[in-house]
Amino acid sequence: MKNTSNIILFILWSFLCLAFFSLDLILGSVHISLSEIREIFSGAAEDTGLWHIIYNFRLPKAITALLTGSALAVSGLYMQTLFQNPLAGPYVLGISSGASLGVALLLMGSAFLPVVLVSNAWAQVGAAILGSLLVLILVLGVSSRVNDTVSLLIVGMMFGSIAGSVVNVLQSVSNADSLKLFVMWSMGSLSSVTWQFLNVMAPIIIICLILSLFLPKKLNALLLGERYATGLGVSISGIKIIVIILCCLLAGTATAFTGPIAFIGMAVPHIVRGMFRTSDHRIVLPACIIVGASLLSLCDIISQMPWTDSVLPINSVSSLIGAPIILWVIFKNKHLHG
Amino acid sequence: MEAEVILNTRKLDIGYDKTYIAKNLALSLYAGEMVCLIGPNGSGKSTLIRTLVGLQDPLGGKIEIKNKKLNKISLSDKSKLISWVLTDNMPTSSLRVCEIVEMGRFPYTNWFGKLSKKDKSIIDNAIEAVHLTHKKDYRYSSLSDGEKQRTMIAKALAQDTPIIFLDEPTSHLDLPNTIDIMQLLQSLAKKTKKAILLSTHELELTLQVADKIWMMTSGKLKTGLPEDLILNGDLQKTFGTERFRFDESTGGFRMNYPVYKEVSIHGDKSIYYYWTERALQRNGYKIVENSPLRINISGDGKWNLYLNTHHHEFYTIENLLFTMNEWESKFLSE
């Protein structure tokens, strides 16, 4: 923490994060007042209908929003540093599509797999992580040959659409039951995450985020380019492997339960660099965790369309917020290099 | 007093795959000296530097730094012995100058990169040494090429290693910036007792500032003081061609112009004489003892041109040459 303005920003975002989390609990199609919330959490209103809504529905959803937001933001930051490309991110480079492919293979290949494996939360996460790892390694391989921003994005989109096509093929050849399972997942939102899933998702993401906090110094060295980083005593292959694994664990796990969420991973690091006015990972990385969590909570609040009966897909809300930020990045690219 | 040997190589062979670029090199770098590595394009300067810093494996022989074999030194120990500045691969970064220089302390700080008071003063000194104190909070991408290069040199200084390698640090720079960097490196070598090796194409400048020269040419490497390499003719052999030659008396290059006209010059050997001679040579004149075309140079900036009975006085070389051409076609061309 270099100066007081950064500390103020951290405190401000922590408050925002807390505020959005609380609002996420309070707001929704069923109106619940603050006093009722207090009753529920003090244990006075146990086993009522409202208690069920809060405890089994809104609380896991709000926690999922925090975790997924942080996970996507940090994996986006990793990718931007790794590729030295300001427009990299899990969604844009097809990592999320890779995770979808993994889950699709699992759910629709269920004819060949034991049922226990298919409905298992761990299996779903594993499939998503392997899928995203596959795409990331492919994109990384190509990126060593094409070294400009735009080509890399096109390559990412291509891999993304290949993964998407494979998913379509799978859909048309799979049986009705497994198709239903997959369609349910692909429309999935933060609300589809139950406590059972959260028990798997939360430990993975939290451990990865904690491990991330040990990396800023080496990530900073990577900003100088690989040869300079080597000169500073950083083992490039070592840090790359760690970053790739963490990146896939974070993006894959987040996607495994919520479905693809666009642009959060790419946009949050830019918001953070713009606000904190630095590229130093010692500040940017923890800030990404807080800002990512806040922003996805906000998206979730908007997607619930409080005081109405309809619900928007979270993916659309995050695109509406994220895409303009990306456009702004492209226009103002000068100062926002990784 | 013998200076300390920091790096030496024995029977070193360098190259790619199985293509040897140079063989059997025995080199030594001493503390406090600035060595310039020169040689024509493609002679293997970058390969040598990459091999010496360990970014590329040698094809044979060994490299020792402070009496330890280079390939036995761990990456983190090496980062306290060698630092480098590269031309290629310049990061297009939004980092600030002070943040980049701070990274030089990377090998000495804890996992979070916390800087001690000593680290901070080393960083400030490094930035001051390259005259960038007024720009320490500027973004790297907003700097000029010379300032970018100086930032990376400051990073290398902050790394506080006994050896600094620089691969063509002046190749994108204009002449004033080039001179600035060269002088800076030379004084740093003296002041900080570091061994500094840089590759460069700035031959004339190199001869003035280098403590020692490593000259690569067709698989061989000659080392020595700049003056010795001039006197024994090695420089002329390496860099001279049909079109230009190395002038041993001035330490610069002279073009070999085609000669088809003759003129004789009279006058004292002043700067007027020198520059008139240069202009005449460029225009294809050979200076001879007795030519019907004569120029008389007086030291006060006047030129008198004589041909048979014709005579004219000039105040610039441009007018002199113009009339010489005229007379040439009028009176001498048959």
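Across the interface of chain B and chain A, nine residue pairs are found in polar contact, both members of each pair being at pLDDT 80 or more; the confidence value matters here, since the model is a predicted one. On the side of chain B that touches chain A, the elements giving two or more residues are α2 (75-78), β7 (82-85), α3 (97-102) and α5 (145-158) of chain B. Sorted by class, that side of chain B holds 16 nonpolar, 12 polar and seven charged residues.

The size of an interface is often expressed as the accessible area that is lost when the parts come together. For chain B and chain A the buried area is about 2,900 Å², with carbon and sulfur atoms giving 59% of it. Phe106(B), Trp111(B) and Phe112(B) supply 22% of the area that chain B buries against chain A, which is more than any other three residues supply. In terms of residues, the contact draws 35 from chain B and 27 from chain A.

Side chains of opposite charge can pair when their charged atoms come close. Between chain B and chain A the count is one salt bridge, and Arg282(A) forms a salt bridge with Glu102(B), the closest N and O atoms being 2.7 Å apart.

Which residues of chain B does Lys217(A) touch, once residues up to four places away in sequence are set aside? The residues in contact with Lys217(A) are Phe106(B), Thr109(B), Asn110(B), Trp111(B), Phe112(B) and Gly113(B), and among these are Phe106(B), Trp111(B) and Phe112(B), the three named above for their share of the area that chain B buries. Lys217(A) belongs to helix α10 (residues 216-222) of chain A, and although Lys217(A) is buried, it has no salt bridge, the nearest side chain of opposite charge being that of Asp119(B), 9.0 Å away. The side chain of Lys217(A) does, however, reach the backbone oxygen of Asn110(B) at a distance of 3.0 Å.

Asp119(B) itself is found in a salt bridge with Arg105(B), where the closest N and O atoms are 2.9 Å apart. This pair links distant parts of the chain, with Arg105(B) in the loop between α3 and α4 (117-129) of chain B and Asp119(B) in helix α4 of chain B, 14 residues apart. Arg105(B) is buried because its relative accessible area is 3%, under the 20% limit, and Asp119(B), at 6% relative accessibility, likewise counts as buried.

Over all chains the count comes to 14 salt bridges. One of them, in chain A, joins Asp300(A) to Lys61(A), with the closest N and O atoms 2.8 Å apart; here the partners are 239 residues apart, Asp300(A) being in helix α14 (residues 281-303) of chain A and Lys61(A) in helix α3 (residues 49-82) of chain A. Both Asp300(A) and Lys61(A) are buried.

In chain B, Asp160(B) forms a salt bridge with Lys194(B), and the closest N and O atoms of this pair are 3.3 Å apart. Asp160(B) lies in the loop between α5 and β8 (163-167) of chain B, and Lys194(B) in the loop between α6 (175-192) and β9 (195-199) of chain B, so the pair ties together parts that are 34 residues apart in sequence. Asp160(B) is partly exposed, with a relative accessible area of 41%, whereas Lys194(B) counts as buried at 6% relative accessibility. Salt bridges that share partners also join Asp24(A), Lys61(A) and Asp300(A) into one network.

Two further residues of chain A complete the tour. Ser75(A) lies in helix α3 of chain A, and at 0% relative accessibility Ser75(A) counts as buried. A polar atom of the side chain of Ser75(A) lies 3.2 Å from the backbone oxygen of Leu72(A), and, leaving aside residues up to four places away in sequence, Ser75(A) touches Pro90(A), Cys247(A), Leu250(A) and Ala251(A).

Val272(A) is found in helix α13 (residues 264-276) of chain A and is buried, with a relative accessible area of 1%. With residues up to four places away in sequence again not counted, Val272(A) touches Arg277(A), Val284(A), Ala287(A), Cys288(A) and Val291(A). Val272(A) and Ile290(A), for their part, are 18 residues apart in sequence and 9.8 Å apart in space, taken from C-alpha to C-alpha.

Conventions
Residues numbered from 1 in each chain as written. Chains lettered and ligands numbered in written order. Predicted model: local features only at pLDDT ≥ 70, side-chain atom pairs only at ≥ 80, totals over all residues. Heavy atoms only, no water. Helix = DSSP H or I, 4+ residues; strand = E, 2+ residues; numbered from the N terminus. Buried < 20%, exposed > 50% of the residue type's maximum accessible area, 1.4 Å probe, protein only. Lys, Arg positive; Asp, Glu negative; His and termini not counted. Salt bridge = Lys/Arg side-chain N within 4 Å of Asp/Glu carboxyl O. Polar contact = N/O pair within 3.5 Å; in protein donor to acceptor, adjacent residues only side chain to side chain. Contact = heavy atoms within 4.5 Å. Buried area = accessible area lost by both parts, 1.4 Å probe. Nonpolar A, V, L, I, M, F, W, Y, C, P; charged D, E, K, R; others polar.
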